[in-house]
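Here are my notes on the charged side chains in this one. Have the structure open while you read.

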Amino acid sequence: MTDPFPPEVVEQIAHHMNGDHADDNVLIVRGLGGADNATAARMSGMDADGMDFLAAVGGIEVPIRIPFSARLTERRQVRAEAVRMYQEACSALGIPPRH
């Protein structure tokens, strides 16, 4: 099976997540990754099973992995999973989603 997420695709997705959704990344690691005190977070990688973040917690970068709800096989599935993670994180934190 061909890897649906070669390094250049992961880099493009990370660039988008970190550039356009930096605040969402923080909510995701707070709500789903157990990093309640995270002040920043950036997507650092991903594969078919989950997304990796580096979260700033107490001045230290902490690696956090958030699993997808199912194994992804296509790039177009990533957006839906990122939205799901954001919405679940907002729910876990008791805040209304902005989008």
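This is a predicted model: local features need pLDDT of at least 70, side-chain atom pairs count only at pLDDT 80 or more; totals for chains, interfaces and linings use all residues.

1. Residues are numbered from 1 along each chain as its sequence is written, and side-chain values use heavy atoms, with hydrogens and water left out.

2. The count comes to eight salt bridges (a side-chain nitrogen of Lys or Arg within 4 Å of a carboxyl oxygen of Asp or Glu).

3. Take Glu61 and Arg42, whose side chains form a salt bridge at 3.4 Å, N to O. This pair links distant parts of the chain, with Glu61 in strand S3 (residues 60-67) and Arg42 in strand S1 (residues 40-47), 19 residues apart. Strands here are DSSP runs of E, at least two residues, and helices are runs of H or I, at least four, numbered from the N terminus.

4. Strands S3 and S1 turn up again with Arg65 and Asp47: their salt bridge is 2.6 Å, N to O, and the two are 18 residues apart. Asp47 and Arg65 also belong to a salt-bridge network with Asp52.

5. Now helix H3 (residues 76-93): Arg84 and Glu88 are four residues apart there, so about one helical turn separates them. Their closest N and O atoms are 3.0 Å apart, in a salt bridge. Arg84 counts as buried at 17% relative accessibility, while Glu88 is partly exposed at 39%. Buried means under 20% relative accessible area, exposed over 50%, and partly exposed in between (1.4 Å probe, protein chains only).
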